[in-house]
Number of protein chains: 2
Amino acid sequence: MNGTLSGVGVGPGDPELMTFLAWRVIGAADVVAFIGADGRPSRAQSTAAAAIRAQSVLLPIDMPMRADPDAGQAAYDLAATRITRHLQEGRNVAFLCEGDPLLYGSFIYLMARLQDRFTVEVVPGLPSFAACAAVLRQPLGRRSESFGIVPGTLPDDALRARLAVLDSVAIIKAGRHASRIAAVLDGLGMLERAMVVEEVSTERQALRPLTTVPGDLPYFATIIIPAGDPA
Amino acid sequence: MNGTLSGVGVGPGDPELMTFLAWRVIGAADVVAFIGADGRPSRAQSTAAAAIRAQSVLLPIDMPMRADPDAGQAAYDLAATRITRHLQEGRNVAFLCEGDPLLYGSFIYLMARLQDRFTVEVVPGLPSFAACAAVLRQPLGRRSESFGIVPGTLPDDALRARLAVLDSVAIIKAGRHASRIAAVLDGLGMLERAMVVEEVSTERQALRPLTTVPGDLPYFATIIIPAGDPA
């Protein structure tokens, strides 16, 4: 009998922000897989470390983060092949995901490759934007307001179109686009309330207004724009 | 010394979808407060039941759900007064919130009334949309896609403007607006992939395509529109 593949969200970084379900599924897994990007240590793995049993097989998966699309596809294909081998031999595999597995996670591409042949389940995890809003103590949605997650990699026009109809926003993947995003926000009158949260829920967590950021932002930074005056 | 007020997200309903931090903060609270709407039992309270110590004071707060705005404001004022009394006497208060405290929760209005006088902290919780996407095994965000939470109570034009720029959407508060929302989605070519999730992560959980819903939806239903073909 084949094993089950579980995509397990471990939340934004603080192990206490894992759910009991994530802990239980990770603890029951024969194989624990996680992405190691460009040789960096896996954030999801360190978050979940205490939940992993000593006898579980660790399956680190190399994933080039900024590679060309073809290299990315090849890496997912290879990862799917390695996971397939474990599933076919009856081992349950937990694939660790930062935040939630279905929000901008690598698990989405593994699920697409494996769900026709194997049982796949998803254990949701706390998305990082919720942890960011919590440390800022800023509401993201009230009454008829709309909240959205928008990648900062979008070109100016697309970014503007999305920000214009949302009352509160989390801008992810801002990194090298921070200055350009700030200019778009300024044009919409949203810059003054834009806050940057770096490495949320970890020891390196830092908060600052976007207006004080001189250049680029690090990869694990999120820009939170809380809703303005009550709707 | 005054007590601390904590807004604690307990997630969508399954107690296993609580975080360890939520469990710890609830267990350490002298007073556990929660909304009881129109005499209905509190969903957040039953989710968190096992985390509440026997010696904690329970503070149910009546909140009319569909009352006129003035009655709602008066109810929040009264709740803030009752919580103030406990905080002033040095008791820590955990206010239980379904999902996440800062996404469409009553806690937002209590925080606004109390944060100038007392220490307020927010413990984020798993938003219900993430649990909905998990049971559907449908991605909400890939690469440069945008995801949003949009209240179904918005008028058609506002709803259309938001849906048109989002790749994936969770429509909340659909209830009595389900047929109207379906018509708007149909016009945008998004109806066929719209799924309804009722009472997610509970024993009463049910999934069905929005096209099969003849009329209204219950209050605890979310419409999930996953992203279409990969961006």
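In which segment of chain A is the place of A:Asn2? In this predicted model, A:Asn2 belongs to the segment before strand 1 of chain A, where helices (H or I, at least four residues) and strands (E, at least two) are DSSP runs numbered from the N terminus. A:Asn2 is partly exposed because 15 other C-beta atoms lie within 10 Å, a residue being buried if 20 or more other C-beta atoms, placed from the backbone, lie within 10 Å of its own, exposed if 12 or fewer, and partly exposed in between. Leaving out residues up to four places away in sequence, A:Asn2 touches A:Leu87, A:Gln88, A:Gly90 and A:Phe118, contact being defined by C-beta atoms, placed from the backbone, within 7 Å. The C-alpha atoms of A:Asn2 and A:Arg117 are separated by 9.4 Å, although these residues are 115 residues apart along the chain.

Residues are numbered from 1 along each chain as its sequence is written, and chains are lettered from A and ligands numbered from 1 in the order in which they are written. Because the model is predicted, local features need pLDDT of at least 70 and side-chain atom pairs count only at pLDDT 80 or more, whereas totals for chains, interfaces and linings use all residues. Chain A averages a pLDDT (the predictor's confidence in each residue, from 0 to 100) of 94, and 96% of the residues score at least 70. For the complex, the predictor gives an ipTM of 0.96 and a pTM of 0.96.

Within helix 4 of chain A, the residues A:Phe107, A:Ile108, A:Tyr109, A:Leu110 and A:Met111 are buried. The buried residues of this helix pack against strand 1 (5–9), helix 3 (69–88), strand 4 (93–97) and strand 5 of chain A.

The contact between the chains takes 43 residues from chain A and 43 residues from chain B. Strand 6 of chain A gives the most to the side of chain A that touches chain B, with five residues, and that side divides into 29 nonpolar, eight polar and six charged residues; here Ala, Val, Leu, Ile, Met, Phe, Trp, Tyr, Cys and Pro count as nonpolar, Asp, Glu, Lys and Arg as charged, and the others, Gly among them, as polar. Three bridges join strand 6 of chain A to strand 6 (residues 147–151) of chain B, and the two run antiparallel, pairing being assigned if DSSP finds at least two bridges between strands.

Technical notes
Two residues are in contact if their C-beta atoms, placed from the backbone, lie within 7 Å.
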